[in-house]
Amino acid sequence: MAEVPAIEAEALVKTFGATVALNGLDLCVPQGAILGLLGPNGAGKTTAVRVLATLLRPDAGRARVLGADVVAQAADVRRSIGLTGQYAALDNSLTGRANLVMVGRLSRLSRAEAWTRAGELLDRFGLADAAGRAVKTYSGGMRRRLDLAASLIGRPEVLFLDEPTTGLDPRSRAIMWDIIRDLATGGTTLLLTTQYLEEADRLASRIAVIDGGVVIAEGSPDQLKAKVGDDRLTLTLAPGADAALAMATLSAHATGPVTVGAGGLQVTAAVPARDGITTDVVRALDSAGMDVTDIAVRRPSLDDVFLALTGREGAGDQAETPHGGKAA
Amino acid sequence: MTSTTIAPPATLDRPRGPQRRQRESRWRRLSWAVSDSLVLTWRSVARIAREPETLMDVTVQPLMFVLLFTYVFGGAIGLPGGGSYHEYLIGGMFGMGIAGSAPGTAVALVADMKEGIIDRFRSLPMSRAAVLLGRTTADLLTQVIGALVIAMAGLAVGWRIHTGPADALAAFGLALLFGYAFTWAGVCLGMVLRSVEAAQQLGFILFLPLMFISNAFVPTQGMPAWLRVAADWNPFSAVAAACRRLFGNPDPSALVQAWPMQHPELAVLLWSGVALVVFVPLAVRMYANKNR
């Protein structure tokens, strides 16, 4: 018999008043896999996680975690999952250690086990020195790590991470990434939501792109990137320059459509991510006699994914890239 | 050959085995519910230990009321049937000071929802009821502290118990029972409100008239007839009258013909029972359906 998938969702629907958060969401995550659920704000990522973690009842459709239905067998589901939400779900007045011991006890660990495991996790997540301090004195990164530790204390087989690095500084983000990769090698099934293509690319074995409460594309990061193209090259033209000529020149090197923005002064296209691509484009522009004031190459953003998948801009509000800069 | 094996009928998939397990698991569930409630009680107590200022509503506030009413208003309030106002007041304070933590219950629950920790609890394999049981148990402990503070303050301003220890304990017991039952009203309030500020304000707005339209601070004899009916049937009046009777303190409401004033102990039991029967299932239901 085939192994039961860690997470299955079939045609999940959830509405809040007039807002349709999930509109027939399908997912299937095999045991031990890491699925990155990628989408802009309001795509339904958090709702999907909350339904799968038994916090929300779906209006229609069904979902199972390790074969247990999230509505009918919610108690069984809760025994096998861990959840780290977007906002650290901790008691701010208690110490870090007290929080972990409390969640450990509530996760059915004995007192001794809860204490031992809390100590282990505090050490592992670099929180041992702060263990005796109230959580309200923690930095955002520490809080997030403690929250993740709290989700892990009961040794869940399936872990949901809802935007685990949103709002973190680059250093804390890098620490979180290391921790998440460690978990994955330990065999935990992970579903992580993110607004960052780069994050999904780095962590996930499969990516599902979600928009308007449905999955619009699914595949390995490489398959997805093949659709999106690798890097983005943007030319800023001198005023009065011939945009059509620039487009034609760039299209010879592009792997996708060439677009024009900023009043005809910016030309953008997907280009292969290889050394020397910039030099090649500059040479081609030179021989065409084009005057360019700036040339920039960057990794594709979530907007590029949406543009490639749907032919339209994705999020209304522009997500920050993991580098801290503005995408597009 | 797998194709020739006959699958057992679906009904045989659930023989006695799982059912027995379920019965066992009911006991286990109960013991887990107790254990989970104790963990969450410990959580709330640990919070108080770290932030003792959260106890103000059962310590400083009743203390202030005792002092204000004995020394500022007390001299101007005459008791039908006579007796010391200082002794009269303390029975009223037991009702008010103990049940006065109910708005705090609402505030604490709203804060938990805001902090997201309730989401954490809801995703754990823990007892559903434990969140509310743990909260109300911890509040009962703070109410015991409140009762002790009021008793000490009372002794300091001249209040005395004129009956035996059994009666005195019965008075404490009734006041705490009502306080605990009333806490569940606070839980319901916490379930409907979205902000801590709203819980604080609404708690105060609802609580204040309930406190004052009673015999807690002044005998109801001086109120207009229509208000007097409300005051005599107010559960807080029954708590105050029961405490006064059991402590052997002056009890002008003994002269009032309304049923609860003639049978205050029974009335407290009834009111507490009604509060528990109404608010506990309501609170549990509201919690189960919260944000789903």
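This note goes through the predicted model in numbered points, taking confidence before structure.

1. For the predicted model as a whole, the scores are an ipTM of 0.82 and a pTM of 0.80. Chain B averages a pLDDT of 86, and 91% of the residues in chain B score at least 70.

2. Within chain B, confidence is lowest in helix α1 of chain B (residues 16-50), where the mean is 77, and it is highest in helix α10 of chain B (residues 235-247), at 95. Over residues 1-24 of chain B the pLDDT is below 50, and this stretch has one contact in the model beyond near neighbours in sequence. Where pLDDT is low, the predicted coordinates should not be read in detail.

3. Turning to chain A, the chain has eleven helices and 14 strands, and its C-alpha atoms fill a box of roughly 75 × 45 × 40 Å along the principal axes. Of the 328 residues of chain A, 49% count as buried. Among the contacts in chain A with a separation of 6 or more, 67% are accounted for by residues 24 or more positions apart.

4. One helix of chain A can be followed residue by residue, namely α9, which spans residues 243-251. Which residues of α9 are buried? They are A:A246, A:T249 and A:L250, and because these residues cover an arc of only 95° around the axis, they lie on the same side of α9(A).

Key
Residues numbered from 1 in each chain as written. Chains lettered and ligands numbered in written order. Predicted model: local features only at pLDDT ≥ 70, side-chain atom pairs only at ≥ 80, totals over all residues. Buried ≥ 20, exposed ≤ 12 C-beta atoms within 10 Å, placed from the backbone. Helix = DSSP H or I, 4+ residues; strand = E, 2+ residues; numbered from the N terminus. Arc of directions from axis to C-beta. Contact = placed C-beta atoms within 7 Å. pLDDT = per-residue confidence, 0-100.
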